[in-house]
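This briefing is meant for a reader meeting the structure for the first time. Please look over the sequence and the model, and then follow the points below, which are grouped by topic.

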Amino acid sequence: DHRVSVSTARSIAVLEQLSDVHSGGQEMVIHRTAVPAPAAACLLKVGPKKEVAECKEKFASSVDPTVSQTFMLDRVFNPEGKSLPPLRGFKYSSWSPLGCDANGRCLLAALTMDNRLTIHANLNRLQWVQLVDLTEIYGERLYEASYKLSKADAPRGELGDFSEFQRRHSMQTPVRMEWSGICTTQQVKHNNECWDVGSVLLAVLFENGNIAVWQFQLPFLGKESITSCNTIESGINSPSVLSWWEYEHNNRKMSGLIVGSAFGPVKILPVNLKAVKGYFTLRQPVVLWQEMDQLPVHSIKCIPLYHPYQKCSCSLVVAARGAYVLWCLLLISKAGLNVHNSHVTGLHSLPIVSMTADKQNGTVYTCSSDGKVRQLIPIFTDVALKFEHQLIKLSEVFGSVRTHGIAVSPCGAYLAVITTEGMTNGLHPVNKNYHVQFVTLKTFEEAAAQLLESSVQNLFRQVDLTDLVRWKILKDKHIPQFLQEALDKKIESCGSTYFWRFKLFLLRILYQSMQKAPSEVMWRPSHEDAKILISDSPGMGSTEDDQEEGTSKQVSKQSLCDTGKGMDVDDTADDCLPQSSDIGGREPMEEKLLEIQAQIEAVEMHLTREHMKRVLGEVYLHTWITENTSIPTRGVCDFLMSDDGYDDRTARVLIGHILKKMNKQTFPEHCSLCKEILPFTDRKQAVCSNGHIWLRCFLTYQSCQSLVYRRCLLHDSIARHPTPEDPEWIKRLLQGPCTFCDSPVF
């Protein structure tokens with residue numbers, strides 16, 4: 001969901017890209033949050049505390065240097081460090097698929113330098129919350145099982161034996177962790193009604209080669225959402241990297257785990273899970289590369305593709321090994337599983353430090369530390385495939401830099417790169433400053449075409465593409481003719497609300513591009529005006545409040561923007577609108593703004609009516625005759641029929657059925673302060689006869705008569721919180737995204 005996680009020594013910096021429709025600046029808008037590193041060191045549970053302390057003292061004072069020095073220098077045994085610097089910070093993080101947390105967004109699995117594996121969620125927009133500590137739970141499970149994977153295993157030695165002490169640590173020291181795709185299964189309720197239950201798997205690779213596969217029920221809320229944990233023995237020495245292999249063949253989904261070793265081998269392991277229905281895996285492990293050539297596997301990516309010659313789906317596995325890329329094409333035919341593999345050479349002169357892949361078109365990006373990024377495009381042949389690769393020189397964009405990591409955005413529009421200063425005049429820099437740079441990979445025309453032909457039908461999931469469109473409109477101050485015509489054709493042909501939301505987005509950006517930028521920076525205090533006591537000038541109270549509110553809004557927007565381009569505010573003001581001294585020069589621009597505002601309101605009203613029809617459909621399907629729901633059904637019906645120009649036969653038929661079912665009952669809402677009736681005259685707010693104003697929930701059109709409610713990510717609309725007495729269908733409505741911009745609601 002368009003968030004970049006950067007592991008540092010103090011925290012995980014999370015950079016979220018936003019396509020802000022309320023800002024007129026052309027810069028990319030980034031919202032930054034952080035997952036702080038835990039203050040206390042992580043001690044793996046290898047036995048009772050007293051016995052562990054005695055063993056540590058024994059090994060530290062051992063006369064055998066192979067024992068004492070190995071123990072003292074191993075930071076897994078001594079995470080607190082004592083005389084050594086403490087192991088603070090994170091070494092790896094991994095994003096879950098979309099739809100795993102309570103808000104329908106991604107969870108973040110984080111691995112600290114001292115081997116603590118935790119899962120975090122961004123529940124209230126600004127703060128990250130730790131949901132569970134998997135290292136602690138797994139240690140407790142091993143302790144209860146006497147550090148045996150199965151009951152049939154022979155008993156091991158005592159903790160006082162140094163080899164047993166090492167074994168217990170290595171079997172719970174995480175190396176990597178990766179999320180699977182979401183599995184959906186059906187469960188039957190007591191009334192024989194079927195309902196879908198989602199689950200996700202998290203595979204954790206340990207130092208000894210074992211893999212723990214955790215199964216979580218969705219939405220993941222904490223320890224109570226853990227369904228099961230199975231441990232698999234991979235048999236790989238010195239494992240270095242892990243990835244899920246997911247393949248769909250004849251509507252049957254197959255999964256496995258791809259494991260790479262620091263010595264070179266790569267293989268796929270079957271994952272047998274009894275608890276997941278409709279889940280298939282391999283019968284036996286598949287070796288993708290077996291040579292122990294001492295080329296460590298750094299990164300593995302699995303990309304689902306369609307084979308144009310074989311007319312079936314296939315799976316492309318790419319692994320970074322040293323300075324080379326190993327690729328394997330897996331294809332299921334009548335003969336079984338076919339594997340084609342080879343290496344792509346001549347890419348980099350230094351080892352590959354990071355690799356990422358665009359899963360929409362199969363493009364792979366690799367980078368080495370010398371600031372060179374390679375783009376590899378797979379091209380299918382009759383037998384297998386070949387790669388076309390081209391060099392992206394970051395030095396031409398950022399100057400002399402060293403690269404440390406790359407990641408591609410979900411729709412392939414941007415490449416995020418971590419850089420530091422490179423050599424200048426043959427000298428290394430004195431200090432290293434780490435930056436996250438964003439490189440554009442698509443043109444505006446490609447982004448617009450992809451948005452028009454998208455199968456996702458969700459603007460929020462394509463923020464990187466909409467950001468390119470936003471930049472182009474703000475720069476040119478008009479919507480390109482080809483985009484406007486193509487969008488109008490899409491609206492006429494299919495009428496999907498997605499294209500109406502896209503049109504609303506374009507109109508809002510166009511409106512912002514026409515606005516005159518302020519001549520002064522809003523957050524800068526003004527020293528010219530004298531301070532006035534509000535008590536001395538009662539008429540100025542509302543003006544002061546308005547000014548303060550406007551200032552706070554501008555500050556929040558300014559803090560989100562990346563001001564690295566150093567654009568002058570006065571220059572922006574000059575470029576935005578043609579300056580004219582006479583009133584006649586301003587009138588055409590004001591008329592244009594009013595015209596765009598009218599179009600925005602018309603599109604918003606259309607989207608509101610379409611959502612009202614959906615809400616009324618849910619009311620009709622889930623209510624009995626004369627049943628009082630908390631939704632103002634009669635008010636919504638009257639609001640839809642109040643406009644004489646609105647003639648929708650579907651809406652009229654639906655309203656007729658609902659009014660017949662309501663049997664002349666109105667069930668109005670009442671103000672909680674004065675018990676007066678709240679009429680439904682406005683979709684945004686409800687006002688009683690005594691002047692009490694309540695905001696309306698945009699998902700159910702109920703009045704939010706509480707002090708706490710949720711808000712859309714782009715501050716488009718507000719929604720109420722679900723209550724325990726709400727039926728399931730209302731809770732399902734309240735889980736929906738914003739009807740105007742597809743953003744999640746917090």
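This is a predicted model: local features need pLDDT of at least 70, side-chain atom pairs count only at pLDDT 80 or more; totals for chains, interfaces and linings use all residues.

R321 has a relative accessibility of 1% and, because buried means under 20%, counts as buried. The points below take up this residue, then the chain as a whole, and then some individual helices and one glycine.

**Around R321**

- The side chain of R321 makes a polar contact of 2.4 Å with the side chain of D293, and another polar contact, of 2.8 Å, joins the side chain of R321 to that of H343.
- Leaving aside residues up to four places away in sequence, R321 touches G264, W289, E291, D293, L295, P296, V297, L326 and H343.

**The chain as a whole**

- The protein chain contains 15 helices and 34 strands, and buried residues make up 48% of its 746 residues.
- Of the contacts in the protein chain with a separation of 6 or more, 56% are between residues 24 or more positions apart.
- The accessible surface of the protein chain comes to about 38,500 Å², and 51% of that surface belongs to carbon and sulfur atoms.

- Helix α3 spans residues 134-144, and its buried residues are L134, T135, I137, Y138, G139 and L142.
- The cover over the buried residues of α3 includes the strands β6 (117-121), β7 (129-133), β8 (174-179), β10 (194-206), β11 (210-217) and β12 (226-233).
- At the N-terminal end, α3 is capped by D133, a side-chain oxygen of which lies 3.2 Å from the backbone nitrogen of T135.
- After α3 comes S146, whose phi is positive, near 55 degrees.

**Two pairs of packed helices**

- Two packed helices are described by the angle between their axes and the distance between the axes.
- Helix α6 (residues 444-452) packs against helix α8 (residues 481-493) at an angle of about 5 degrees, and their axes are 11 Å apart.
- Because angles under 35 degrees count as roughly parallel, α6 and α8 are described as roughly parallel to each other.
- The contact between these helices is made by F444, E445, A448 and L452 of α6, together with F482, L483, A486, L487 and K490 of α8.
- Helix α13 (residues 633-641) and helix α14 (residues 649-662) pack at an angle of about 150 degrees, with 11 Å between their axes.
- That angle makes α13 roughly antiparallel to α14, because angles over 145 degrees count as roughly antiparallel.
- The crossing of α13 and α14 is left-handed, and the residues that make the contact are T633, R634, C637, L640 and M641 of α13 and R652, I655, I658, L659 and M662 of α14.

- G256 lies in strand β14, which covers residues 252-261, and with a relative accessibility of 0% G256 counts as buried.
- The C-alpha atoms of G256 and W245 are separated by 5.0 Å, while the two residues are 11 residues apart along the chain.
- Residues up to four places away in sequence not being counted, G256 touches S243, W244, W245, I268, L269, V271 and T281.

Terms used: Residues are numbered from 1 along each chain as its sequence is written. Side-chain values use heavy atoms; hydrogens and water are left out. Buried means under 20% relative accessible area, exposed over 50%, partly exposed in between (1.4 Å probe, protein chains only). A polar contact is a pair of N or O atoms within 3.5 Å; within protein, one must be able to donate a hydrogen and the other to accept it, and residues adjacent in sequence count only if both atoms are side-chain atoms. Contact means heavy atoms within 4.5 Å. Helices (H or I, at least four residues) and strands (E, at least two) are DSSP runs, numbered from the N terminus. Accessible areas come from the Shrake-Rupley method with a 1.4 Å probe; for residues, only the protein chains shown count as cover. Axes are lines fitted to C-alpha atoms, for helices over the stretch in contact, and angles run from 0 to 180 degrees between N-to-C directions. Angles under 35 degrees count as roughly parallel, over 145 as roughly antiparallel, 65 to 115 as roughly perpendicular and the rest as oblique. A crossing is left-handed if the near helix is turned anticlockwise from the far one by less than a right angle, and right-handed if clockwise.
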